Amino acid sequence: MVRASGNPWKQEKGAKETDTSLQTGEKTVVALVERDDLLAKLESLLARCRTERGGVVLLEGVSGVGRTQLLLTLGDRARRAGFQLLSAACSPEERSLPLGMVAQLMRSVALPNEVAAEIDRLLSTGTSAAGPDAAAPVQVFHGLSTALADMAADTPVLIGVDDVGYADTPSLQYLLHLSRRVATTRIMLVLTDTIDRRTPHLPFRAELLRQPHARRMQLNALSPHGVQQLLAQRLDPTDAARVAPSYASISGGNPQLLQALVDDHVDFGEPSPSGYGLVLLACLRRGDPTFLSVARGLAVLGRSAAPEEVARLVDADPDAVAQATAAMNDGGLLTGGWFHHQAGRLAVLDHIAPTERAELRQRAARLLYDSGAPALDAARQLIAADRPAQAWAAPMLQEAADQAMLDHSPELAAKCLQLALRAPVDERRRAAVRAQLTQCESAVNPAVAAQQLTSLIGAARSGLLARADQLWLVKALLWHGRTSDAVDLLDRLRDADHEPQEDLRDLELWLAGCYPPLARRRPAGPPAHRPGIATALGVDPWLHCAATLADHMARGRAETAVEHAEQTLRNLLLRGSTPWAEESATLALYTLIYADWCDLAREWCDRLEDKLDVERMPTAHALVSAARAEAAVRQGDLAAAMRHAETASTRIRSKSWGVAIGLPLGSLVLAATRSGDYERAARHLSLETPEAIFLSRYGLPYLHARGQYHLATDQHHAALADFLACGELMRAWDMDVAGIVPWRAGAAEAWQLLGNPEQARSLVLDQLSRQGTGSARARAASLRALAAATPPGKRLPLLNEALDIFELYGDRFEQARVLADLSRAYNALDQKRRARMLFRQALHVADMCGAEPLHRDLLSLAGEVATATPTPDEARGIESLTGSERRVASLAVMGYTNREIASKLYITASTVEQHLTRVYRKLNVKRRKELPVVLWAKTARTQRASRTGSVR
């Protein structure tokens, strides 16, 4: 008989062994590592078989751990030792061929013609008599065994069967028949199989291992040292040492997975996720059928899945799942019951047909939800399935959306709710889902959320929208300037409540502080105290917070408001986001700002920004940035104010801002105006704003900033009109609180410039006489305005008090203005030295703010204060100064510290000290306050020329 050309075992593994590897075409199969003990035991059994008797060995291990390669190596060594080698490789596809595996064995060697003919006859007889699950006649088994025994009498025989678990039933029965006889022959039977205790051929394994001459050996994954040994056979030693820890972790020590990594490393310079995933799939498919099923369950459920959950998902026995997981851990296919690398999990998921994968996802969602897992875990499964949800899932998806919002993940919440809208639910549930979806979308892009408002109005009119959602809808409509729709909904809510409930009273208070023209008259006293957060189920505690803060703001209760604002912000950090939480946080920040606690407001803004994910919560981040800008502009940090205001106005588009665009625009225009960037201020004032902005408190800072712009650009009548319009609105709304916008101080300044100091004086005296509705900063601004309308001899007490207040609250811009006014006042009183000192301070503070118009004013003031002719001694001393000394002295006159001078001139602080020591000696002075102001005048004009010209 001609030897069969198709030996599956040999075709797969190649033919020639070298010292370190076996060459198979373009691929290199790395030689065995960490298998010396097993090989030694097998060779010992071969030696005994050669001289005494045969035996049976079952080599077990998970797919990929090297069972086939070990069998190949053993066969090669046996052949060189004089053994006749018979081999077969089994596969699931050939399990239905009776005696298919036996046919492979008998035809894997060249036999004498008469022997081959007899074996062919026996196989033909056995094949026709046997079925896939039925034994062949025992006479066939006896004849085949006799032929092998005759062969072994002359030459010892090694029979190797790879993946015996996939053999057909008649072939397995023949192997049992043969195993009972090998002890008296020179036949060695070596079989490989996967680690499995539940396979259909369990009786075969049990009977096989019952034989006294049968042994069972197990192959496990490689150790980290073994991984490095294997890598050293293919890679440069340095490269192998570098990647060994990573490759050991990713492969789990499974040689076949490791081989895939090495092949990709050699070919591409790095592992390929697709190549690794394909090899893992091959290992799972070649292993026990439970392996792939369990791997699918794990890939779908995730890392935290318990074996019981996996078993329920894939409809398997929990013990079988636990055993399969343990076996895959031992073989390096998993580690700790989970994939070594995400590429493996994705490969398993991609291998599942789309329809089956979606069904698994849906089953997993129900399984997780029924077992009490977080709703968000179940929701993620349904989102991944991307199929219409069933009716049961809608409430669960709403719950999951709530959890996502608490985690500051509005986009994930929106996905949950979009899926819930596809579920077959009634209209009331659908309206609730749509309202919740609109709330989530508002956190990401309010302009997109606005597209849902019309359908929500229809649901409210039809009585399908829950009361809490209707209250929030009023806020959303007002935000987007849909005032008439909001009023209509408000009227419906009011008509439905003959005795207004707590939530409607809260809404009225909130309206009174934020949209005053739409609110009913609020009660004269403070809002009623409630024990705890709320007294009734269904009342949103954040709505109550927003109502209380809005009421405090409108009434100017600074001390109480600050305490409540801080408590609100602390609660926000602990509890996360709900529909009214964002509004409460915004009100809390502006409450701190309007109560002159700008430092505290900036601290809270920083804390909130650290907590917020900028990409996931753009609306909240924009509101915090707007508050940060307002706090900065009130402290004279003009550059920071413009930066934060720009961030706020670009984080979400202007259409998304709605009427609240007045917040960032007001801060940006005011900061740009004070810094002298009038073009920038005018550009932002030209932006279109909603008409409804002046029905809300958001219009006040915008109107006040526009007035300041008009004032700075010599449009005094326009400025006066803006300030007076602020006053008319605030008085009509019963919220004439100077902490929100100090309109009287602005109007007084405009009247003064228009030549009407009596009107200016009347306004500021009115402001100063008001108790409980102002702020310290507003009082200081009024004192400065009053000083301007007061004879020079009486200005000093007013200005000094104003300066103390502005210094206390850190408003550097207003400090510089008051210092300039004081310098003029002292100069008019002929107190030149005091005037020069205040002048230098004013210049220094204005420089810190970056207030160019104020610098220009101070430059003109220098002509009055700093033009005193130096004494002959001073003149000689100044002429003796070097250029470096003059530069240092001029900055010292301007009020800079030694460290600031060093930073500006790029020298060390000690060098500054040395220069100043020489300057003092040459000018015969003892301290920097005694330096002649004329040192500053010429240098300052030179330094400011380019900046002043560019601004003008």
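User: Which residue in β7 is the bridge partner of Gly55?
Analyst: In β7, Gly55 has Met188 as its bridge partner, where strands are DSSP runs of E with at least two residues, helices are DSSP runs of H or I with at least four, and both are numbered from the N terminus. This is a predicted model, in which local features need pLDDT of at least 70 and side-chain atom pairs count only at pLDDT 80 or more, while totals for chains, interfaces and linings use all residues. Residues are numbered from 1 along each chain as its sequence is written, and side-chain values use heavy atoms, with hydrogens and water left out.

User: How many bridges do β4 and β7 pair over?
Analyst: Strand β4 (residues 55-60) and strand β7 (residues 187-193) pair in the parallel sense over 6 bridges, and two strands count as paired if DSSP finds at least two bridges between them. β4 also pairs with strand β8 (residues 214-218), again in the parallel sense, over 5 bridges, with Ala214 in β8 as the bridge partner of Val56.

User: What's the strand order in the sheet?
Analyst: The open sheet has 5 strands in the order β5-β6-β7-β4-β8, with parallel pairing. Its edge strands are β5 (84-89) and β8, each of which pairs on one side only. Neighbouring strands are turned by 15° against each other on average, direction ignored; axes here are lines fitted to C-alpha atoms, for helices over the stretch in contact, and angles run from 0 to 180 degrees between N-to-C directions.

User: Is β4 buried or exposed?
Analyst: β4 is mostly covered, since 6 of its 6 residues are buried, meaning under 20% relative accessible area, against over 50% for exposed and in between for partly exposed (1.4 Å probe, protein chains only). Gly55, Val57 and Leu59 on one side are buried, as are Val56, Leu58 and Glu60 on the other.

User: Which strands does helix α2 lie across?
Analyst: Helix α2 (residues 36-51) lies across β4, β6, β7 and β8, running at about 160° to β8. Helix α7 (residues 169-179) lies across β4, β6 and β7, at about 140° to β7.

User: Switching topic, how many residues has the largest nonpolar core?
Analyst: The largest nonpolar core has 152 residues, a core being a set of buried Ala, Val, Leu, Ile, Met, Phe, Trp, Tyr and Cys residues joined through side-chain atoms within 4.5 Å. Its largest share, 10 residues, comes from helix α31 (residues 618-634). Apart from this core lies another, of 105 residues, including Val65 and Leu257.

Key:
Contact means heavy atoms within 4.5 Å.
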